[in-house]
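Dear colleague,

Please find below the structure that I am handing over to you. My notes on what was found in it follow directly after.

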Amino acid sequence: MKSKILVLIAGLLLSLNAFAISLQDAKAQGLVGEQINGYLGVVVNSGEASALAKSVNAKRKAHYEKIALKNQISVDDVAKLAAEKAIAAADKGHYIQTPQGKWIKK
Amino acid sequence: MTLGLTGVLLLGGCTPTVKIEPPDKPIVINLNVKIEHEIKIKVDKELDELINNDELF
């Protein structure tokens, strides 16, 4: 019983840690940036940033899939269109990826 | 000449001269460009909504 509670607390702490930073904060701090494939990329490698990217990208993918299915086009096409928009809409100072795969500040 | 004409008239009397046959293949009008354009506008709109979601972008 005691160990179960400990596991629960540890799990809660870990999950809190994983989401300690919001997407907007991470972008402003230059930890993550927009890739050309429509998904969030990690600029500064850290557990926090990659956990955030993983969770955000899973959500994005689900949305892309929904739009793709609805319009009978491929998920990749939706993701590419999203990338164009996301890069265009990125704030100044936020990181975006070049087609060569390099990170640049917008 | 007269014989020939009579023959044609006779034949004409026996068989219908005007026949309208439906085409055996359906008439295909290609509207790919328009449809692609419409889809792009729709996807565009849906993506705009996504981009404005702070948790996603």
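In this predicted model, β3(A) and β4(A) run antiparallel and are joined by three bridges.

Residues are numbered from 1 along each chain as its sequence is written, while chains are lettered from A and ligands numbered from 1 in the order in which they are written. Because the model is predicted, local features need pLDDT of at least 70 and side-chain atom pairs count only at pLDDT 80 or more, whereas totals for chains, interfaces and linings use all residues; side-chain values use heavy atoms, with hydrogens and water left out.

Confidence

The predictor assigns the complex an ipTM of 0.74 and a pTM of 0.67. For chain B the mean pLDDT (the predictor's confidence in each residue, from 0 to 100) is 76, and 70% of its residues reach 70 or more. Where pLDDT is low, the predicted coordinates should not be read in detail.

Chain A and its sheet

Chain A contains four helices and four strands, which follow the order α-α-β-β-α-α-β-β from the N terminus on. Of its 106 residues, 36% count as buried; buried means under 20% relative accessible area, exposed over 50%, and partly exposed in between (1.4 Å probe, protein chains only). Contact means heavy atoms within 4.5 Å. Among contacts in chain A between residues at least 6 apart in sequence, 40% join residues at least 24 apart.

The four strands form an open sheet of chain A in the order β2-β1-β3-β4, with mixed pairing. Its edge strands are β2 (40–42) and β4 (103–105), each of which pairs on one side only. On average, neighbouring strands of this sheet are turned by 45° against each other, direction ignored. Helix α3(A) lies across β1 and β2 of chain A and runs at about 165° to β2(A). Axes are lines fitted to C-alpha atoms, for helices over the stretch in contact, and angles run from 0 to 180 degrees between N-to-C directions.

In the loop between α4 and β3 of chain A one finds His94(A), which counts as buried at 10% relative accessibility. Leaving aside neighbours within four places in sequence, His94(A) is in contact with Lys27(A), Ala28(A), Ile104(A), Lys105(A) and Lys106(A).

Helix α4 of chain A

Helix α4(A) (residues 75–89) has 15 residues and reaches 21 Å from its first C-alpha to its last, close to the 21 Å expected at 1.5 Å a residue; the expected span is 1.5 Å times one less than the number of residues. Its buried residues include Val78(A), Leu81(A), Lys85(A) and Ala86(A). The buried residues of α4(A) pack against β1 (32–34), α3 (47–71) and β3 (95–97) of chain A, together with α2 (32–51) of chain B.

Ala86(A), in this helix, has a relative accessible area of 5% and is therefore buried. Beyond its neighbours within four places in sequence, Ala86(A) is in contact with Glu34(A), Ile51(B) and Phe57(B).

Salt bridges

The structure holds six salt bridges over all chains, a salt bridge being a side-chain nitrogen of Lys or Arg within 4 Å of a carboxyl oxygen of Asp or Glu. Three of them are described here.

- Arg60(A) pairs with Glu34(A), the closest N and O atoms being 2.7 Å apart. Arg60(A) lies in helix α3 and Glu34(A) in strand β1 of chain A, so the pair ties together parts that are 26 residues apart in sequence. Both residues are buried.
- Lys70(A) pairs with Glu46(B), with closest N and O atoms 2.7 Å apart. Lys70(A) lies in helix α3 of chain A and Glu46(B) in helix α2 of chain B, so the pair joins two chains. Lys70(A) is exposed at 57% relative accessible area, whereas Glu46(B) counts as buried at 15%.
- Lys85(A) pairs with Asp48(B), with closest N and O atoms 2.8 Å apart. This pair crosses from helix α4 of chain A to helix α2 of chain B. Salt bridges that share partners join Lys85(A), Asp44(B) and Asp48(B) into one network.

With kind regards

Technical notes:
Pairing = 2+ DSSP bridges.
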